[in-house]
Structures are given as structure tokens and as C-alpha cells.
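Take a moment with the picture, then follow the questions.

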Amino acid sequence: MEFAFDAREDSLRREVQAFIAEELTAAIREDIDAGELGVQFGPIATAFFDKVRARGWTGVSWPVEYGGQGRTAMDQFIIEEEFGRAGLRIGGAGTGAPAILASGTEEQKRAFVPGCIRGDIIFAQGYSEPGCGTDLAGIQCRATRVGDTYVIRGQKTFMTSAHVATHIFLMVRTDPASRRHAGLSILLVPIDAAGITIRPLWTIQNDPVAPRGTTYGENRTNEVFFDDVVVPASCLLGEEGDGWNVAQRGLSIDRVGARRYLMSVLRDEDIVNWLKKDEAPNRALRADPVVRDKVAELWIEGQVCRLLTMRSMTIARRGGDFVHEASAEKVFAPEHGVRATEAIGQILGPHAQLLSSSPEAVEEGVFAHNLLGAFQSTINHGSVQVMRDQIARKGLGLPRPGKRGETV
Ligand SMILES: Cc1cc2nc3c(=O)[nH]c(=O)nc-3n(C[C@H](O)[C@H](O)[C@H](O)COP(=O)(O)OP(=O)(O)OC[C@H]3O[C@@H](n4cnc5c(N)ncnc54)[C@H](O)[C@@H]3O)c2cc1C
């Protein structure tokens with residue numbers, strides 16, 4: 001096992017750090033903050049991202065023929081990690097593109113993947129419905145084949161970024177007689193198709209609106225309604241009825257990376273940076289041995305989060321699959337986020353629990369919103385309960401309760 005990065009990777013990290021220190025000015029940050037979800041930037045931020053692209057730091061590990069750089073996943077990790085620490089999302093190609101690369105026709109790959117890397121095409125993920133989130137086998141949203149088209153009718157919920165997306169990566173039931181995961185299909189639906197209605201759905205940490213610097217801070221989710229939306233049959237990704245497998249295949253390329261673990265670990269850095277500020281209350285707190293003990297403990301856990309991510313990447317680099325290893329990450333990192341944000345609340349005291357709407361809030365409420373966001377992150381993208389079950393079954397080989405003669 002090799003824990004260190006090699007000389008070339010260290011040099012890449014230094015290059016990225018120097019670029020960020022030199023180029024990411026306060027004016028650019030302001031312009032980025034005025035946009036939303038990494039899109040809709042003003043001219044100054046656009047020029048900055050053009051420079052990032054010119055360095056080959058977007059779509060890093062993606063195939064050259066589809067607009068990527070064809071470099072290693074480790075290069076992508078380093079670039080993502082440095083930009084992530086600076087509060088920016090750069091490196092991969094986001095939702096949708098991995099599945100299109102794995103299951104799309106040549107035409108679909110050329111139509112979507114380069115745009116995803118450039119950021120011109122943004123997919124919102126349309127899986128969850130009011131009656132099903134964890135268990136997508138209950139999907140009711142229907143798409144009926146009519147000639148060369150599909151007609152979609154139904155509702156999705158909690159759809160992050162639908163309000164800024166160009167397309168929806170939509171999971172629908174194409175076979176009305178099917179049960180559970182059979183009979184599901186994936187459609188790549190343009191967001192401006194007639195009959196789509198998008199309504200905001202604010203989740204716990206965004207009500208009142210979270211300040212900048214909050215975990216998932218700028219993300220609003222949405223309810224999305226489909227009233228006989230007609231799309232060409234060429235929107236189908238993979239085979240009709242094979243949507244479950246198509247979606248699973250798409251998870252691999254960008255499934256692990258620096259962005260996910262940083263989401264949970266950046267909170268530790270927030271409290272350390274806050275304690276380092278040279279102001280009287282901070283000086284008193286950082287002298288307290290209990291506080292010093294706690295932040296050291298959080299740092300150690302943060303290192304574990306990073307190493308779990310790197311383990312999955314190493315497995316992938318050797319051509320292996322990392323199902324339960326990724327589940328372990330998805331349990332440990334969000335729960336670390338909860339432990340960290342709770343500890344921060346205890347260190348900073350009651351004012352750190354006030355939300356952005358209160359004038360008394362510490363740092364505009366960022367710590368309180370992060371606490372709520374951390375709890376939320378234990379549910380979305382696969383809840384920690386379900387991840388634990390996957391570890392028990394796929395990692396430890398325990399049978400499913402109630403199956404194969406097991407009693408509960
Ligand atoms: C901020 C945010 C953004 C989101 N973005 C998107 C998005 O972009 N696209 C999208 O499609 N969805 C999105 N979701 C939805 C998310 O994927 C679901 O909330 C999640 O899958 C849980 O589903 P649910 O809300 O229906 O809860 P439920 O499925 O009802 O689960 C509630 C609780 O019960 C537990 N539970 C359920 N079944 C089991 C089981 N078999 N064993 C043990 N425990 C179980 C869960 O772990 C959870 O703790 C988002 C959610 C949030 C909060």
C-alpha cells in the first residue's frame with residue numbers, strides 16, 4: 001500500500017495551489033457567489049473558469065475524444081481537493097455524464113459529455129418521488145411509448161438544481177405491469193420541454209436561506225411535475241426497461257472523489273480557522289484543553305474520511321469494484337460531519353445555534369446551518385442506514401433478513 005503521492009502529483013498540487021492563491025481574487029469570488037450552483041456566472045468569474053479550463057483542470061480523468069483530459073483519477077482527486085478547499089467545484093463532469101459514457105449511443109456521448117465537462121449542460125437527477133426515496137422500486141412516474149416519442153406523466157421530488165439545469169436524468173416506469181426495479185428506464189429530458197413545472201422545495205438547512213460557506217449551502221431542491229411531456233424516443237439511455245442497471249453503471253466514474261469527503265471535513269477546518277482568528281474570545285477558547293482535545297479528535301476523523309476515499313480510488317485504479325467500501329465512506333463521512341458540527345456548537349456556545357435570520361448569529365449562522373446540513377447529508381445520496389445494510393450484506397456476507405431461510 002502506498003499512501004504518498006508521487007513527485008509529479010505533488011508538483012501538480014503545488015501548481016494548483018499557486019494558481020488559486022494568485023488568480024482567485026475577491027472580485028472573482030463575489031462574481032461566483034452571485035451565480036448559483038456553479039453556473040450562471042458573471043463575466044469576471046467566466047474568465048476565471050476559462051483559465052481553469054485552459055490548464056486542463058476540468059473533465060480531468062475523462063476520455064479525450066469526449067472533451068476530457070484523459071489523465072488519472074488521482075490527478076482529478078488532487079485538483080478537486082484543492083479547488084474544493086477553496087469552495088469551488090472543479091474536476092469531474094457531474095451527474096449524468098458517467099452514465100451516458102457507460103451506456104449511451106455514440107451520438108448521445110458526443111451530444112452530452114463534452115457539454116457536461118464545459119458546464120454548458122447540467123443534469124438534475126430525477127429519481128425520488130413523494131412515495132419513494134430510499135427504495136426506488138416504488139417509482140410511479142410513467143413514460144409511455146407513442147410512435148417515436150415517450151409521453152411522461154407523474155411527479156418527482158427533492159430534485160436538486162432542477163431550477164438551473166438544462167436536462168433531467170429521469171428515472172421512469174416504462175412498463176406499467178412491471179414490479180420493483182424491472183420495467184424502469186432512464187430518459188434524458190430537456191428541462192424546457194412543454195408540460196414540465198418546477199416548484200421550489202426548501203429543505204431544513206435552507207429555511208431561512210443558508211449563508212455562503214454552508215454544506216450544500218446554495219442548493220435548493222424542487223418538486224417537478226410532468227403533465228404529458230412529449231420527448232423524442234432518442235432520449236432513452238440504454239435499453240428500455242434496463243434503467244436500474246443503466247443508473248447503477250453510471251455511478252462508478254465520479255462516485256468517489258475529493259468533493260464528497262470534503263463536504264463533511266471542511267467543517268473541521270472552519271472551526272480551526274475560527275479559533276486561529278486573533279480576537280479575545282477565540283484566544284480564550286483555543287487555550288482551553290477540552291477544546292484543543294476535541295479539534296484534534298475531529299482532525300483525526302477527517303484524515304480517516306480522506307483515507308477511506310483514497311482506498312476506493314486505489315481499488316478502482318487496480319480495476320476492482322468498491323461497493324461496500326464506498327458505503328463505508330458514505331457512513332463515516334456524513335456521520336463525522338454530524339459529530340463535527342455538534343462539537344462546533346458546543347465549543348462556540350448557544351449563539352452558534354442561531355440561524356441566518358438572527359442578528360445575534362455567529363458568522364451569519366453558518367455553523368447552525370451546517371449542523372442541519374450535516375444531518376441532511378446522512379440521508380441523501382443513499383442514507384447511512386441503507387449503507388450499513390449494504391456493508392452487512394456485500395461486505396460481510398450476511399444474508400438479507402427474511403431471505404434464504406433467515407428469520408427475523
Ligand atoms: C438536500 C437533498 C437533496 C436531494 N436531492 C435529490 C436529487 O437531486 N434527486 C433525487 O432524486 N433525490 C434527491 N433527494 C432525495 C433523497 O435521495 C431522499 O430523500 C432519500 O433517498 C431518502 O428518501 P425519503 O426522503 O423518501 O425517505 P425514506 O425513504 O422514507 O427514508 C426515511 C428514513 O428511513 C430509513 N429507511 C428507509 N428504508 C430503509 C430500510 N430498508 N432499511 C433501513 N432504513 C431505511 C432511511 O435510511 C431514512 O433514514 C434529496 C434529498 C435531500 C434531503
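**Reading the labels**

Lysine 156 sits in strand S3, which covers residues 149-156. One thing to keep in mind is that this is a predicted model.

Q: Why is lysine 156 called buried?
A: The label buried asks for a relative accessible area under 20%. Lysine 156 has 0%, so it is buried.

Q: What makes the pair of tyrosine 127 and lysine 156 a polar contact?
A: The cut-off for N and O atoms is 3.5 Å. A polar side-chain atom of lysine 156 is 3.0 Å from the backbone oxygen of tyrosine 127, so the distance falls within the cut-off. The side chain of lysine 156 also has a polar atom 2.7 Å from the backbone oxygen of methionine 171, and that value is within 3.5 Å too.

Q: How do you know whether serine 185 is buried or exposed?
A: Compare its value with the limits: under 20% is buried and over 50% is exposed. Serine 185 has a relative accessible area of 0%, so it counts as buried. You can find serine 185 in strand S5, residues 184-190.

Q: Why is arginine 180 called partly exposed?
A: Arginine 180 has 43%, so it is partly exposed. Arginine 180 belongs to the loop between strand S4 (167-173) and S5. Its phi is near 50°, a positive value in a residue other than glycine.

Q: What makes aspartate 228 partly exposed?
A: Its relative accessible area is 41%, so the value lies between the limits of 20% and 50%. Aspartate 228 is placed in strand S7, and it has a positive phi of about 50° although it is not a glycine.

Q: Which peptide bond is cis, and what is its omega?
A: The bond from aspartate 207 to proline 208 is cis, with omega near 5°. Proline 208 lies in the loop between strand S6 (196-201) and strand S7 (221-232).

Now let's move to the ligand.

Q: Which classes of residue make up the shell around the ligand?
A: The shell has four nonpolar, 10 polar and no charged residues. At least three residues come from each of domain 2 (123-241) and domain 3 (258-395).

Q: Which residues have the most contacts inside the largest nonpolar core?
A: They are Leu24, Phe48, Trp57, Phe77, Ile79 and Phe83, in a core of 31 residues. Among the elements giving two or more residues to this core are helix H1 (7-23) and helix H10 (289-317). Domain 1 (7-92) and domain 3 (258-395) each supply at least three residues.

Key
Residues are numbered from 1 along each chain as its sequence is written. This is a predicted model: local features need pLDDT of at least 70, side-chain atom pairs count only at pLDDT 80 or more; totals for chains, interfaces and linings use all residues. Side-chain values use heavy atoms; hydrogens and water are left out. Ala, Val, Leu, Ile, Met, Phe, Trp, Tyr, Cys and Pro count as nonpolar, Asp, Glu, Lys and Arg as charged, and the others, Gly among them, as polar. Domain bounds come from an automatic or database domain assignment. A nonpolar core is a set of buried Ala, Val, Leu, Ile, Met, Phe, Trp, Tyr and Cys residues joined through side-chain atoms within 4.5 Å. Buried means under 20% relative accessible area, exposed over 50%, partly exposed in between (1.4 Å probe, protein chains only). Helices (H or I, at least four residues) and strands (E, at least two) are DSSP runs, numbered from the N terminus. A polar contact is a pair of N or O atoms within 3.5 Å; within protein, one must be able to donate a hydrogen and the other to accept it, and residues adjacent in sequence count only if both atoms are side-chain atoms.
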